[in-house]
Amino acid sequence: MKIDFDAVIIGAGFGGMYMLHRLRGEGFSARVLEAGKGVGGTWYWNRYPGARCDVESVQYSYQFSKELEQEWEWTERYATQPEILRYANHVADRYDLRRDMRFETLVTRATFDDTNNVWTVETDKGDRLVARYVITAMGCLSSPNTPKIEGLADFKGPTYHTGNWPHEGVDFTGKTVGVIGTGSSAIQSIPIMAQQAKHLTVFQRTANYTIPAHNRKLDPAYVKQVKAAYPEMRRRAKTKPAGIDFDMPTQAAADTPEAERNAKFQERWDYGGLGFMASFTDLLLNDDSNKAAADFVKSKIREIVKDPVTAEVLTPRNIIGCKRLCVDSGYWETFNRPNVTLVDIRDEPIERITPTGVRAKGKDFDVDCLVLATGFDAMTGALLKVDIRGRGGVALRDRWNEGPKTYLGLTVVGFPNLFMITGPGSPSVLTNMLPSIEQHVDFITDCLVALRAKGVTAIEAVDAAQEEWIGHVGSVADITLRSTCSSWYVGANIPGKPRVFMPYIGGLPRYIERCEAVVAEGYSGFALTS
Ligand code: N01
């Protein structure tokens, strides 16, 4: 059987780029197939105004090369999308990655051949590539969700989705704009769109919690200091559940007097960012502690937003940190602007989109342009868009019709020689994605090297191991308050999607330990065929 490549990698984001680099380094042949015109994945597509990473730039970066780490200069505390995309392109240039990549090539189908233990990968360009392994690097938040709101296709003006923003940018100057959604993408873009637009109308179904970023230009002296101590910072980060080096709490809010508790919340608020949820050990474990944190943020909304009715509508009713926490620059302040209107659609969904705007609550809101900040079919959406067929022609879509089941978030029973980078059941979206990606890529590379040495032609997770892992993922999820609300973590934003808490919430250190044990035991939980 002629094999075109040892591996086909789907996606040229940070996962696919590093995967290619590692495989080449070990002498494997690989081809990356990418739908976009360039590298960068999520940072290639998400070009909406204000898009930036909510993990600090000095930590949201590759660590596999000391030289790369030292030569790249981050300029802001939280890097903007253009800066991260420049970084991705720099990496692609530095390691000459593009020669093994094919852009504007959408993978449509991947079929496993039981007889020869190979995959055939088909694309919209008519390619049929035969490879021993398929490695998906399609991202966790990469399949935009366009809600089925009646009349959407009839809208006469332009409609933009934050997750697939025009590359040339959009100038809203002098325009009336309607934004649907108030998740991270909306919270980052609304303040900037409001500065440009003649009028901005925000349609909010669920009010969200957000913590100020306190973004700033990075002082070169600070960057120098970070670079000098990078190994220690990276080592500390690997001991933290989210793979981010920030001060971990030692005390429970439940054991802390109110004044002291609020002083700690204030300290974390002033520091800014996602570390707010690490004010205390029990914010996602204890209802009262969670309420204390939520009340602190609610008091900030009332302080910042001048109109009490608007402040009330902006005040979240769910628990804090259940949906993904947002990080903003001037979000609530934006609702003090005279050119911004908030429409509460919590109890009455949008009735329809008309040719000239949005009809909600019995009223027509005419707008020149519509922005859908309506998120993604998270974690499984991109994977299931490809018709992936495993042993006996079984479709992954059918195998996962009750929710994704994986072994370690990396592999699936019945789908030999298929690896997923940051798949469902791995820590992925609950961590700093870059170290999680690197850990997965290193695991896969080491595995392929070991299989080559043993003359193995197929590796497949065994049922008992997958069931045990899925049971563990579910039981740790049940301990926290995070699995209790309607979030994209549980697929609640997509009508009809099975409700399963998809990422592994046990933390990166515990996950790494488990993967290391699997390797030490000679790839326990996998069946190997020579
Ligand atoms: O998407 P979301 P996002 N009618 O799903 C609303 C990452 N990210 O793109 O909450 C009306 O959070 C929906 O309402 P509800 C980050 O992990 C990171 O903003 O379902 N409204 C919600 O308000 C983030 O969590 C950064 O009731 C509808 C919004 O649309 C993830 O990506 C930046 C609706 C969608 O919010 C997704 O964020 C941006 C309908 N029919 C994103 N359908 C960083 O900072 C949906 N909504 C790194």
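Residues are numbered from 1 along each chain as its sequence is written. Because the model is predicted, local features need pLDDT of at least 70 and side-chain atom pairs count only at pLDDT 80 or more, while totals for chains, interfaces and linings use all residues, and side-chain values use heavy atoms, with hydrogens and water left out.

User: What makes the link of Cys322 and Cys485 a disulfide?

Analyst: The two sulfur atoms are 2.2 Å apart, and a disulfide is a pair of cysteine sulfur atoms within 2.5 Å, so the pair qualifies. The structure holds 1 disulfide, and with -120 degrees about the S-S bond this link is left-handed.

User: Which parts does the pair of Cys322 and Cys485 tie together?

Analyst: Cys322 lies in the loop between helix H10 (308-314) and strand E11 (326-328), and Cys485 in the loop between helix H15 (463-479) and helix H16 (508-520), so the pair ties together parts 163 residues apart in sequence. Helices (H or I, at least four residues) and strands (E, at least two) are DSSP runs, numbered from the N terminus.

User: Why does Cys326 count as buried?

Analyst: Its relative accessibility is 1%, and buried means under 20% relative accessible area, with exposed over 50% and partly exposed in between (1.4 Å probe, protein chains only), so Cys326 is buried. Cys369, with a relative accessible area of 2%, is buried.
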